[in-house]
Amino acid sequence: MSERLAKFIARSGVCSRRAAEELIRQKRITINGEIVDSPAYNVEGNEKILLDGEKLPQKDITRLWLYYKPVGLVTTHKDEKGRPTVFEHLPHGMPRVISVGRLDLNSEGLLLLTNSGELSRQLELPSNGWARRYKVRVHGFVDDKKLADLQNGIVVDGVQYGSIKVDIETIKGTNAWLLVTLNEGKNREIRKVMKAIGLDVNRLIRLSYGPFQLGGMREGEVKEIPQKVLKEQLGAKFNL
């Protein structure tokens with residue numbers, strides 16, 4: 001798949017896209033021996049692209065990992081309160097990564113990690129239509145109608161939450177396990193919404209994020225998505 005020359009240069013890590021456009025206008029870029037002076041020029045990536053006669057750095061391959069985040073870790077690189085973080089507990093040898101969205105301190109389950117800031121931003125967009133599925137244990141009186149009404153969205157403390165699908169898995173007295181599916185995942189959304197309908201969340205496990213599943217992973221386990229699978233799942237849409 002082709003992409004704009006300036007974007008390709010920026011992805012090599014040489015400079016920003018805007019700076020790359022300026023390099024092109026200054027006629028400092030050649031493609032297969034020919035000077036190119038239009039930032040709108042498209043490339044496939046297999047051309048001989050030189051900056052001032054030198055090869056561009058090899059751009060990093062975009063990688064994606066599945067991580068079973070345990071309870072008790074915050075999803076940040078540095079916590080002002082000194083709490084343990086996800087990134088301090090990753091296996092030795094992992095490259096520097098960022099998360100796709102977050103799971104709060106008391107939540108567990110599937111967290112996607114990537115070495116690409118651009119991919120992280122793209123995967124977080126609600127416009128992708130990717131469902132997030134959770135297994136949620138709640139305490140309180142489960143009202144079937146209130147749960148069903150969540151599919152129409154709900155406003156809590158002035159915040160509009162989109163459609164949330166809830167299926168009851170088991171109920172024992174005032175304790176229940178629910179399967180919750182949503183597409184946005186705003187900050188502490190499930191906890192706030194459940195509280196608004198009289199239910200307290202005491203365990204929350206993310207089972208899936210789009211096509212990626214927690215499956216039988218163990219707490220703290222990390223699995224890299226093979227490049228072939230990554231391209232099959234994301235390649236066409238995210239230009240991998």
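Ser 107 is buried, its relative accessible area being 2%, where buried stands for under 20% relative accessible area, exposed for over 50% and partly exposed for what lies in between, with a 1.4 Å probe and protein chains only. The model is a predicted one, in which local features need pLDDT of at least 70 and side-chain atom pairs count only at pLDDT 80 or more, whereas totals for chains, interfaces and linings use all residues. Residues are numbered from 1 along each chain as its sequence is written, and side-chain values use heavy atoms, with hydrogens and water left out.

Ser 107 lies in the loop between strand S8 (98–99) and strand S9 (108–114); helices (H or I, at least four residues) and strands (E, at least two) are DSSP runs numbered from the N terminus. The side chain of Ser 107 makes a polar contact of 2.9 Å with that of Asp 104 and another of 3.0 Å with that of Arg 191. A polar contact is a pair of N or O atoms within 3.5 Å; within protein, one must be able to donate a hydrogen and the other to accept it, and residues adjacent in sequence count only if both atoms are side-chain atoms. Apart from neighbours within four places in sequence, Ser 107 is in contact (heavy atoms within 4.5 Å) with Lys 69, Pro 70, Val 71, Arg 191 and Leu 204.

Arg 191 is among the buried residues of helix H5 (residues 189–196), together with Glu 189, Ile 190, Val 193 and Met 194. The strands against which the buried residues of H5 pack include S10 (132–139), S13 (164–172) and S15 (200–209). After H5 comes Gly 198, with a positive phi near 90 degrees.

Arg 191 also belongs to a network of salt bridges with Asp 104 and Arg 188, a salt bridge being a side-chain nitrogen of Lys or Arg within 4 Å of a carboxyl oxygen of Asp or Glu. The whole structure holds 13 salt bridges, including the pairs tabulated here.

| Salt bridge | Closest N to O distance |
|---|---|
| Asp 52 and Arg 28 | 2.7 Å |
| Arg 83 and Asp 79 | 2.9 Å |

In the pair of Glu 169 and Lys 135, which links strand S13 to strand S10 across 34 residues, Glu 169 is partly exposed at 38% relative accessible area and Lys 135 is partly exposed at 26%. Arg 83 is partly exposed at 28%, whereas Asp 79 counts as buried at 11%.
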